[in-house]
Amino acid sequence: MKLRIGLLGLGAMGLSHLHALRKLCSDQVAITALCDTNETNLQAARDVVPAAKAFQTPDELIKTPLDAIVVSTPNSTHARLAEEILAAGKHLFLERPCGITREECRRVLEVAERSDRILMLGHELRYSSYFQRIKDLVAAGEVAQPRMVWTREFRGPFQKKAGDWIQDDRQSGGCLVDKNSHHFDMMNWWVGARPRRVSAFGGCAVNRILEGRHQVHDHATVSFEYDNGVRGTLQLCMFALDFPNEDLEMGIVGEAGMLVTSISQIQILQWKHGRHQKEPIIHQVWAKHGEGWGSHLGFDEIHQEFIKCILEKRKPLTSVRNCIDGTLLALAAEESIKKRRIIEIEE
């Protein structure tokens, strides 16, 4: 018998999940329920799966007979929905972040670890063979002891969302929380340590949508330190090159060398200290872009892994425990910008 899946939130991301599940997992799942308060979004999903039952409130969908629910609603709803869905005995694929406050993140962690249901966070980059190869090269000692990690993302503005919720830090948690929790999670994973303190600067220079102090940043620079002494940085600009020409560079450097992404070529560039290299060592990686918005690496694989975790009754790589620090680091960076001081990240 197929797993019965419900989708809660059917904007661009929710529809991407819908298409990925239908394309990749149709032998194992049936999408039987849909929910969105926006009738246009709901109809777009019904056009794809006309046999699915449609709901306009989350409570109705959560109460219907389902094995699992995929949540792609505004970030401010994630913690509450996670509690309600797990309490209803259903498995959960929850788009990141797991919460927009430290208290929400901890609450989701607590309910996830008390439950016997699967809760997978949507940090799809961990599931790509490309980013996994970087993790493997670091683990194999190719850079020796890591000392620094970094992300540089120069891109265009946010895609339009219903009600512009993504532009309001009371609903999104802030720009760094909504989107860069991905990159913080990657860097945490590669380093294998917990971030402990952060200092950040940022503001909105170009992409102002909302009046007042709750408009999210459109550029920022973040510096942070791990409990093992490794340092990291993130630079973000959201009024640079737009998709598909946006620029994302990530890297890690240690005592023996450096690894740098070349994502457009699906290559990893490596330099080794002490060698007179005119050109980098190139690691060509087989990795596919996903079907969803932005064609993110790992987007296809995360859906297949979600179903496997349910069927095989095992914890996902992107459990709340494994990924919570990426969101906590982003939240601390947002707080640092507002308070103009170094923020200590609690256990």
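Analyst: In this text a residue is buried when its relative accessible area is under 20%, exposed when that area is over 50%, and partly exposed in between, with a 1.4 Å probe and protein chains only. The model is predicted, so local features need pLDDT of at least 70 and side-chain atom pairs count only at pLDDT 80 or more, while totals for chains, interfaces and linings use all residues. Residues are numbered from 1 along each chain as its sequence is written, and side-chain values use heavy atoms, with hydrogens and water left out.

User: Which residues of helix H4 are called buried?

Analyst: In H4 (residues 78-87), where helices are DSSP runs of H or I with at least four residues and strands are runs of E with at least two, numbered from the N terminus, the buried residues are His 78, Ala 79, Leu 81, Ala 82, Ile 85 and Leu 86.

User: What makes these buried residues of H4 line one face of the helix?

Analyst: Seen down the axis of H4, the buried residues fall within an arc of 165°, so they line one face; the arc is that of the directions from the helix axis to the C-beta atoms. They pack against S1, helix H3 (58-63), S4, S5, helix H5 (102-114) and strand S6 (119-121), where contact means heavy atoms within 4.5 Å. After H4 comes Gly 89, which has a positive phi near 80°.

User: What handedness does the unit of S4, H4 and S5 have, and what does that word mean?

Analyst: S4, H4 and S5 make a right-handed β-α-β unit; a crossover is given that name if, with the strands pointing away from the viewer, the path from the first strand over the helix to the second runs clockwise.

User: How do you know that S4 and S5 (residues 91-94) pair?

Analyst: Two strands pair if DSSP finds at least two bridges between them, and S4 and S5 are joined by 4 bridges and run parallel, with Val 70 opposite Phe 93 in S5. By that rule S1 (residues 3-8) also pairs with S4, in the parallel sense over 4 bridges, and the bridge partner of Ile 5 is Ala 68. Along S4 (residues 68-71), Ala 68 and Val 70 point one way while Ile 69 and Val 71 point the other, and all are buried.

User: What makes S3 and S6 edge strands of their sheet?

Analyst: The sheet is open, with 6 strands in the order S3-S2-S1-S4-S5-S6 and parallel pairing; strand S3 (53-55) and S6 are its edges, since each pairs on one side only. The twist averages 20° from one strand to the next. H4 lies across S1, S4, S5 and S6, running at about 165° to S5, an angle between N-to-C directions on a scale from 0 to 180 degrees, with axes fitted to C-alpha atoms, for helices over the stretch in contact.

User: Which sheet has mixed pairing, and which are its edge strands?

Analyst: An open sheet of 9 strands in the order S14-S13-S12-S11-S7-S10-S9-S8-S15 has mixed pairing, and its edge strands are S14 (281-284) and S15 (343-344), each pairing on one side only. Within this sheet, S7 (residues 146-154) and S10 (residues 231-237) pair in the parallel sense over 7 bridges, and Trp 150 stands opposite Thr 233 in S10.

User: Is each of Cys 35, Cys 204 and Arg 340 buried, exposed or partly exposed, and why?

Analyst: Cys 35 is buried because its relative accessible area is 1%, whereas Cys 204 has 22% and is therefore partly exposed. Arg 340, with 75%, is exposed; this residue lies in the loop between helix H11 (320-339) and S15, and its phi is positive, about 55°, although it is not a glycine.

User: Why is Ile 266 called buried, and where does it lie?

Analyst: Ile 266 has a relative accessible area of 10%, so it is buried. Ile 266 is in the loop between S12 and S13, and it has a positive phi of about 50° although it is not a glycine.
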